[in-house]
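Keep the sequence at hand.

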Amino acid sequence: MILLGIVTGVAIAGCGSGFLITNLNAWIATVAPTHARGRALSALTSATFLGQFLSPLVVQPLRTSLGVGSTFLGAGLLLGSCAFAIGLLNQFGGSLPSADRETA
């Protein structure tokens with residue numbers, strides 16, 4: 001029963017990740033100027049793989065000192081705060097590039 005839950009969770013995470021990476025590539029290719037499109041997409045790929053490499057190196061000391069529950073809670077609060085701040089910035093202070101604008 002536990003194995004079924006793990007397999008289901010991994011399948012859901014894999015589908016979500018697949019949709020996310022595909023849509024990020026499309027969004028960046030749409031909003032980046034033509035002359036910088038290759039660099040923008042390479043920066044996304046580099047950031048993705050660098051994050052996958054550095055994640056265990058950053059999380060392991062936190063998990064060891066704080067415990068698994070506190071580490072996940074802290075990560076959730078940090079990411080939620082970042083999402084809230086970006087939402088406020090987009091709503092009131094500025095705007096993120098939109099995929100519906102014309103690119104030259």
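Helix α1 passes α2 in a right-handed crossing (the near helix is turned clockwise from the far one by less than a right angle). The contact comes from I21, L24, N25, I28 and A29 of α1 and from R37, A40, L41, L44 and T48 of α2, where contact means heavy atoms within 4.5 Å. By class, seven of these residues are nonpolar, two polar and one charged. Ala, Val, Leu, Ile, Met, Phe, Trp, Tyr, Cys and Pro count as nonpolar, Asp, Glu, Lys and Arg as charged, and the others, Gly among them, as polar. An α-helix has 3.6 residues a turn, so residues three or four places apart point the same way.

This is a predicted model, in which local features need pLDDT of at least 70 and side-chain atom pairs count only at pLDDT 80 or more. Residues are numbered from 1 along each chain, and side-chain values use heavy atoms, without hydrogens and water.

α1 covers residues 2-31 and α2 residues 37-66. They pack at an angle of about 150 degrees, with their axes 9 Å apart. That makes α1 roughly antiparallel to α2 (an angle over 145 degrees).

Now follow α2 itself. Its 30 residues reach 41 Å from first C-alpha to last, close to the 44 Å expected at 1.5 Å a residue. A kink of about 35 degrees lies at L54, shortly before the proline P56. The bend is the angle between axes fitted to the seven residues ending there and the seven starting there. Just after α2, G67 takes a positive phi of about 100 degrees.

Next comes helix α3, residues 68-93. The axes of α2 and α3 come within 7 Å and cross at roughly 125 degrees. Here V59, L62, R63 and L66 in α2 meet V68, S70 and T71 in α3.

Terms used
Axes are lines fitted to C-alpha atoms, for helices over the stretch in contact, and angles run from 0 to 180 degrees between N-to-C directions. Helices (H or I, at least four residues) and strands (E, at least two) are DSSP runs, numbered from the N terminus. Angles under 35 degrees count as roughly parallel, over 145 as roughly antiparallel, 65 to 115 as roughly perpendicular and the rest as oblique. The expected span of a helix is 1.5 Å times one less than its number of residues.
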